[in-house]
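Hello,

Here is the structure we spoke about. Please look it over first; my notes on it follow below.

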Amino acid sequence: MDLLYKIFLDPFVQMGSAPDLLVQTLWEGLVSGVLYALIALGFVLIFKASGVFNFAQGIMVVFAALTLVGLHAMLRHWGVSSGTAAAYLALALTVAVMFGLAFAIERLVLRPLVNQPDIILFMATFGMTYFLIGLGELVFGGEPKLMITDDLHLPRGAIDVKMLGGFVSFQKIDIAAAVIASIMVAVLAVFFQKTRIGRALRAVADSHKAALSVGISLEQIWVVVWFAAGIVALVTGIMWGARSNVSFALEVVALKALPVLILGGFTSIPGAIVGGVIIGVGEKLGEFYWGPLLGSGIESWLAYVIALLFLLFRPQGLFGESIIERI
Amino acid sequence: MFYRETGQFKTTYQADQAVFPIRQDRIGIVIILALAFAGVPLLASEFAISSFFIPVLVFSLAAIGLNLLTGYTGLLSLGTGAFMGVGAYGCYKLATWFPGVNILILILASGFISAAVGVVFGLPSLRIKGFYLAVATLAAQFFLSWCFVRVPWLVNYNISGAIEVPTRTLFGIPVTGPNATATTRYLVTLSIVVLMTWLASNLVRGRIGRMWMAVRDMDLAAELIGIRLYRTKLLSFAVSSYYCGVAGAMMAFLWFGSSEAETFSINQSFFILFMVIIGGLGSLIGSFLGAIFISGTPIMLKAVPPLFGLSMHAATVEHLTSMILGALIIFFLIVEPHGLARLWQIGKQKLRVWPFPY
């Protein structure tokens, strides 16, 4: 009885008695949800266009951030005196690196593996994961680094808002992350709906063969898609790096994008966003209000359990295309 | 010329359905077993046995476990590490409760705990499949990993939070614990692995294995010809987890001698999956080849640079190992997507027609 009380009543009483804390928790959940959603977004882009379950997306985030920070340090070392100039130069170079990466992946990994079963392509992205971890650490060093927040002119500090009988603190960088994420989703939506390449992408997503038959170059589309995912990864990496350090420890957090994906469906961009927010908020609420019951750290698996429960009712995720099987 | 079944006539069904119907194969397996049981303990150093041969055997068993699930039944799982952990912690608890019972029995029994847990986490497989299922098994991985860290009861309230394997003897010789020699541990591991591989090879040749393969190839069609999907899939989860559990128990008791939660993390699951894919999906010999390849490569990479007189920083070696391993995985997938087992088969076929090209 006591336990039931603790599970079903106590947390809500706490929420009601300290609404400012509730808002704070919701906000934290929302922000981490947006970041999960961004990783999931890069993933969805690739899955839609090439059917590859890209396990390396989380690593691409870290790799992009690491490249940015590493290049910035190198440029400063080589005599670029202004931090800001070095930062933007490094940003441009990182974009170039991500393009090179997309090109190399298409050439060296995807093209030779065309028409292989999904699981083989999935394993290939595992190989890429290990390769990128090794490469990133070899070139830029394995120790955690600080994101170059100031040189990129990202806002710092917090805004304290007085509301609901207390203070709620919003980190400026979090607000920026949310805004930038929304801008990016909007840009992607326009890109998909209005541009020539965007239409080609959607055609490829619908059917590879049909797209080929009307003269769309699959190779080109794949480079574009992996490049777009790389850019998304870079933005995610900057935002995430600004919240904590840049290191491959982020890898574990990047795995959180997976429950977001199964929640939202592998093929839906809105699904990735909504899924991210649900997972982020659910996880923070669970950790804060129900966590003490079980001992802390339930954050590490709560997201997966939430996603699993959803899956039992909707096997294709919230917004995924319904699965039709023919014999 | 030498490897050919010509002239070996079978007069009974029993002979025809033997595990190794060809005489040369039988001779080959006897040689391999003799090498494994007598050659390795006599010739290899203590260090080589405990850092290469025992790990390969343990990983092979885990890879067979995952292969039964992923390769034969077509259910992708990323929770192997956690199921191995259940075996290890289960065996530890059993060893605490029944100090007098033979340790071999406890290791084999701990697999059943793992099997039970596997069935519970296999329940979603009835409704979801493919990559969705893979992500669902991650729930098992993370939940169980969390349990290993947060439930002190599992390690008997040991302050270090790790399993410390007690000394257990077999015929008066210490088998587990700090006093056991590498050779003893190796021989025990080898016996268990040989026994369970033999069981698995008979399992996949029989009715159950065929049911699994039917489900893998197309589950709807399998259901239509009268295979009960629920039972088949759950059975596959149970058997697979049993193998992984025994492998985990052996890992803790016969390899490390101690074990912490980090050993059974998500990375372990990925490594076992590599072994299965590189070795070949749906092939028992492939599980062994994959295990040898994946656990041998880092050792090779560590050993090669000093041979050429290159001295490298330990961290650099580690990063290079990671890069080369990644590149090798991609390379193998491109060259032979069906894994090392397929290369093995091609080699055998070439050997049959040799010295003629056709």
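**What was found**

Chain B has 14 helices and four strands, where helices (H or I, at least four residues) and strands (E, at least two) are DSSP runs numbered from the N terminus. This is a predicted model, in which local features need pLDDT of at least 70 and side-chain atom pairs count only at pLDDT 80 or more, while totals for chains, interfaces and linings use all residues. Residues are numbered from 1 along each chain as its sequence is written, and chains are lettered from A and ligands numbered from 1 in the order in which they are written.

**The two chains**

The radius of gyration of chain B is 21 Å, which agrees with the value near 21 Å that a compact globule of 358 residues would have. That radius is taken over C-alpha atoms, and the globule rule is 2.2 Å times the number of residues to the power 0.38. Along the principal axes, the C-alpha atoms of chain B fill a box of roughly 65 × 60 × 45 Å. Of its 358 residues, 46% count as buried, meaning that 20 or more other C-beta atoms lie within 10 Å of the residue's own, with C-beta atoms placed from the backbone.

Chain A comes to 14 helices and two strands. Its radius of gyration is 21 Å, close to the 20 Å from the globule rule for 327 residues, so chain A is as compact as a globular protein of that length. The C-alpha trace of chain A spans about 65 × 65 × 35 Å along its principal axes, and 44% of the 327 residues are buried.

**Where the chains meet**

In the interface, 37 residues of chain A are in contact with 33 residues of chain B; contact means that the C-beta atoms, placed from the backbone, lie within 7 Å. On the chain A side, the elements giving two or more residues are α6 (118–140), α12 (257–264) and α14 (299–313). The largest share, 15 residues, comes from α6(A). By class, this side of chain A has 27 nonpolar, eight polar and two charged residues. Nonpolar here covers Ala, Val, Leu, Ile, Met, Phe, Trp, Tyr, Cys and Pro; charged covers Asp, Glu, Lys and Arg; the others, Gly among them, are polar.

**Core**

The largest nonpolar core has 211 residues, and A:Ala40, A:Ala65, A:Val225, B:Leu61 and B:Met250 have the most contacts inside it. Such a core is a set of buried Ala, Val, Leu, Ile, Met, Phe, Trp, Tyr and Cys residues joined through C-beta atoms within 7 Å. Helix α10 (residues 218–243) of chain A gives the most to this core, with 17 residues. Not counting residues up to four places away in sequence, B:Met250 touches B:Val58, B:Leu61, B:Ile107, B:Thr189, B:Ile192 and B:Trp255.

In helix α8 (residues 207–217) of chain B, the buried residues are B:Met211, B:Trp212, B:Ala214, B:Val215 and B:Arg216. Their cover includes α3 (46–72), α9 (219–224) and α10 (229–256) of chain B.

**Domains of chain A**

Chain A is assigned domain 1 (41–254) and domain 2 (256–319), with bounds from an automatic or database domain assignment. The C-alpha centres of the two domains lie 22 Å apart. Their contact takes 11 residues from domain 1 and nine residues from domain 2. On the domain 1 side, the largest share, five residues, comes from α3(A).

Regards

Notes. Contact = placed C-beta atoms within 7 Å. Buried ≥ 20, exposed ≤ 12 C-beta atoms within 10 Å, placed from the backbone.
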